[in-house]
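Thanks for coming. I have one structure to go through today, so please look at the screen while I talk.

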Amino acid sequence: MGKSISHTAASMSYGMNEEKESEIIHSQFLAGETPQEITEEFRVIQEQNELCKKNTLSFVLSPTIEDGKKLEAQQLKEMTERFLKEMKLREHQAVAFVHRDKEHLHVHLYANRISFEGKAYNDSFIGKRSQQMAERVARQLELTTVREAQQEKLYRMQELRSQIQRIHEKVMVQDRPRDFDQYIKSMEEHKVKVVPSINRQNQLQGFRFEYKGTNLKGSEVHRSMSMGRIATQMNFEKDMVQRIAKEKNMQLLGRTVNVPISLTKTITKKSIKLAIKVVRDTGIGI
């Protein structure tokens with residue numbers, strides 16, 4: 001969020017980058033308009049304190065995407081001024097550029113760390129302090145805070161995980177897939193794309209799940225959806241189990257992939273358990 005820097009000129013040039021549809025939305029105690037002019041005005045003040053090397057403060061003010069769509073230049077200026085006030089930097093040189101080149105609008109703010117009296121601004125815990133002050137300003141302007149945005153994102157992710165897990169459980173109960181191909185097809189019928197993760201050695205490592213814009217490993221969805229756990233929920237054909245045990249590979253989406261030893265053991269063990277259960281249930285061999 002905020003930090004002290006020494007590369008003032010480069011930062012000013014980045015802030016004024018025309019490719020990023022930049023615009024100066026706030027300037028205080030400055031006459032210049034170009035990066036070179038502003039840097040030179042900063043330097044004049046900074047020469048009063050040659051011991052301070054990181055003599056410029058850099059901040060990024062980043063409203064949520066939805067808030068950013070509604071904020072005009074004047075509102076962004078007010079947001080910047082309130083932030084500077086909360087950070088006790090209203091009496092320091094400062095300039096702010098808005099970047100609109102991406103969907104996520106954001107403001108790059110640079111303040112002279114050296115005051116007109118030659119004193120260096122205390123930058124202890126500046127990252128945390130600037131985040132707290134940005135949240136305070138967001139509440140003042142009735143904008144979404146970073147914490148609120150993170151909580152909303154977390155809630156949405158939890159809901160998507162639950163949806164994927166419910167679809168997985170439904171497929172296992174209703175479709176009862178007998179191999180990974182059948183499982184992938186059934187999941188896709190419910191709008192969940194299952195993507196095998198295969199390494200350079202052509203070995204199957206697991207599965208990723210793509211659903212409503214998310215892309216998660218099986219274990220990230222739920223611990224019951226790791227590759228090994230999914231395998232234990234399937235009833236593989238006897239011929240397939242024997243082939244996997246012998247050749248250490250399987251057919252997956254039209255190609256032959258190597259199967260890790262751990263998965264081979266899991267599939268074989270499940271097959272043996274099923275065979276024993278059949279014997280017990282039918283009385284064969286007794």
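Predicted model: local features only at pLDDT ≥ 70, side-chain atom pairs only at ≥ 80, totals over all residues.

Five strands make up an open sheet, and their order is E1-E3-E5-E4-E2, with antiparallel pairing. At the edges are E1, residues 2–5, and E2, residues 23–28, each of which pairs on one side only. From one strand to the next, the twist averages 20°.

Two helices pack on this sheet. Helix H4, residues 73–86, touches E2, E3, E4 and E5, and its direction makes about 35° with that of E2. Helix H5, residues 126–140, touches E1 and E3. The direction of H5 makes about 135° with that of E1.

If you want to find one of the bridges on the screen, look for Ala96, whose partner in E5 is Leu109.

Now the cores. The largest nonpolar core has 32 residues, and the ones that touch the most other members are Phe180, Tyr183, Phe207 and Phe209. Several elements supply at least two residues each, among them H7, strand E7 at 204–211 and helix H11 at 261–282. Helix H6 gives the most, with five residues. There is also a second, separate core of 24 residues, including Phe59, Met87, Val107 and Ile126.

Back to Tyr183 for a moment. What does Tyr183 touch, leaving aside residues up to four places away in sequence? The list includes His168, Val171, Pro177, Phe209 and Ile230.

That leaves helix H7, residues 180–189. Its buried residues are Phe180, Tyr183, Ile184, Ser186 and Met187. Why do these sit on the same side of H7? Because they cover an arc of only 165° around the axis. On the face turned away from that buried side are Lys185 and Glu189, which are exposed.

The two ends of H7 are worth a look as well. At the start of H7, a side-chain oxygen of Asp179 comes to within 3.1 Å of the backbone nitrogen of Asp181. Just after H7, Lys191 has a positive phi of about 70°.

That is what I have for today.

How values were computed. Residues numbered from 1 in each chain as written. Heavy atoms only, no water. Buried < 20%, exposed > 50% of the residue type's maximum accessible area, 1.4 Å probe, protein only. Helix = DSSP H or I, 4+ residues; strand = E, 2+ residues; numbered from the N terminus. Arc of directions from axis to C-beta. Polar contact = N/O pair within 3.5 Å; in protein donor to acceptor, adjacent residues only side chain to side chain. Pairing = 2+ DSSP bridges. Axes fitted to C-alpha atoms, helices over the stretch in contact; angles between N-to-C directions. Contact = heavy atoms within 4.5 Å. Core = buried A, V, L, I, M, F, W, Y, C linked by side-chain atoms within 4.5 Å.
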